Amino acid sequence: MRWNRLLLTLSLIFASVSSAHGQNLQRVNDLKWLGSHNSYRPELDEASLAQLRQLVGARAKGLEYGHPAIAGQLDLGVRQLEFDPYADSQGGRFLDTNDPDKTKQALMARPGAKVLHIPVVDARTHCPTLRDCFGQVAKWSDAHQNHQLLVIFVNTKDDQLGDPRLPKVELFDDASLTAIDQDALAAFGRGRILAPDDVRGPADSLGAAIQTKGWPSASASLGKILLVLDSNPRTAEVYRQGHKGLKGRMMFGLYDEASSEAGVFNIQNPKTDLERIRALVAKGFLVRTRSDADTDEARTHDLSRLDAAIKSGAQIISTDYYPGAPDPLGLKFVVQLPVAP
C-alpha cells in the first residue's frame with residue numbers, strides 16, 4: 001500500500017513536471033486570442049441607437065454593436081483589444097463644449113491622441129484619450145498579474161473624413177507616434193511590454209529573427225502587453241524610419257513579410273485570404289483576422305467566416321460578439337474559439 005502511494009506520488013510529480021515543460025516549450029505564436037473589435041465603443045441603448053440612426057441613416061446598420069467597459073471585456077475573457085486614436089498634438093481638436101461631462105471635456109482639451117470612431121457622428125468612447133485606454137488595461141493587468149499576454153491593436157486614424165462639417169484630421173508624424181510609445185511606457189512600464197527588441201534580440205531583422213529564433217516562450221510573456229501599430233502604409237513608414245527592425249519602438253507594425261520589420265499581420269477576411277494566413281502562420285508570424293464585420297454575420301447567424309478563421313490558423317480572432325458581449329439587437333449570435341483538448 002505504501003509503495004502504491006509512493007508510485008502515485010511520483011507519477012503526479014512527473015505529470016506536473018511534464019506539463020510545466022510543455023508550457024515552457026510553447027511560444028507566443030502558439031497562443032490563441034479572442035478579441036474585441038473597436039473595444040472603446042460603449043454598449044448601445046435604445047436612445048443611442050436612435051441617435052446613431054438619425055445621424056448616419058442606413059450606415060448605422062454596420063455600427064449597431066458595442067462593448068462593456070475595458071475591464072469588463074477582459075473579465076469576460078477577451079485578450080485582444082483595439083483602440084482607434086486620432087492625433088491631437090495641440091489639444092482640443094475633438095472637444096465638444098456641449099458635452100455635460102466636464103471631466104471628459106478636460107481630457108479632450110489636452111494635447112495627446114484621442115480615441116473615438118468618427119468625430120461628432122460616432123464619438124462615444126470608454127476612454128477619450130489613448131493614455132486613458134492604456135491606463136484602464138494597466139489597472140486590470142495589475143489586478144491579474146499572471147494573465148495571458150494581452151494584444152492591443154492601435155488603429156491610427158489619419159485619413160481625411162471627406163466631410164467639411166467634421167474636424168480636419170491631423171496626420172501622424174514621428175512626434176505623435178513616439179508619443180504613443182511614451183503613453184504605453186507610462187501606463188505599463190518597459191518591463192511589461194513585449195516589444196520588438198525583445199523578439200529581435202541583437203539581430204537587425206525582426207522578420208528574420210522570428211523565422212529562425214522564434215518568439216519568446218508563452219510562459220515568459222505572462223502578465224505582459226504586446227502592442228501593434230495598425231496603420232496605413234504612410235504612417236507605418238514614418239514609424240520605422242530610423243528604427244530598422246523597429247529597434248527602440250514599443251509597437252510591432254504591419255509590414256511586408258520580406259521586410260526587416262515584419263512580425264504581425266492584420267488580414268480582415270479569412271475566407272478570401274485563408275491560404276495566405278496559413279502561409280504566414282507557418283513562417284512563425286502572428287496574424288489577426290475577423291470572424292464577423294458590420295453586424296452582417298450576426299444578423300444571419302453565419303458562422304462560415306469564423307470557421308475559415310479557425311481553419312486558417314490565425315492566432316487572433318476579433319469579433320463584436322464574444323461570450324457575454326452586449327446584444328443590443330437581440331440577435332443571440334455568439335463567437336467562441338474551440339476548446340483545446
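**Around H37**

Reply: The side chain of H37 is in polar contact with the side chain of D320, at 3.1 Å. A polar contact is a pair of N or O atoms within 3.5 Å; within protein, one must be able to donate a hydrogen and the other to accept it, and residues adjacent in sequence count only if both atoms are side-chain atoms. This is a predicted model, where local features need pLDDT of at least 70, side-chain atom pairs count only at pLDDT 80 or more, and totals for chains, interfaces and linings use all residues. Residues are numbered from 1 along each chain as its sequence is written, and side-chain values use heavy atoms, with hydrogens and water left out.

Me: Does H37 count as buried or exposed, and why?

Reply: H37 counts as buried because its relative accessibility is 10%. The cut-offs are under 20% relative accessible area for buried and over 50% for exposed, with partly exposed in between (1.4 Å probe, protein chains only).

Me: New topic: what about strand β6?

Reply: Six of the six residues of β6 (residues 225-230) are buried, so this strand is largely enclosed by the rest of the structure. I225, L227 and L229 are on one side, with L226, V228 and D230 on the other.

Me: Which strands does β6 pair with?

Reply: β6 runs parallel to β5 (residues 150-155), joined by six bridges. β6 also pairs with β7 (residues 251-253) in the parallel sense, over three bridges. Strands pair if DSSP finds at least two bridges between them. For example, I152 has L227 as its bridge partner in β6, while V228 has F252 as its partner in β7.

Me: How many disulfides are there?

Reply: One, between C127 and C133, with 2.0 Å from S to S. A disulfide is a pair of cysteine sulfur atoms within 2.5 Å. The link is right-handed, with 85° about the S-S bond. Both C127 and C133 are buried.

Me: Last one: what's the mean pLDDT?

Reply: The mean is 91, and 92% of the residues reach 70 or more. pLDDT is the predictor's confidence in each residue, from 0 to 100.

Technical notes: Helices (H or I, at least four residues) and strands (E, at least two) are DSSP runs, numbered from the N terminus.
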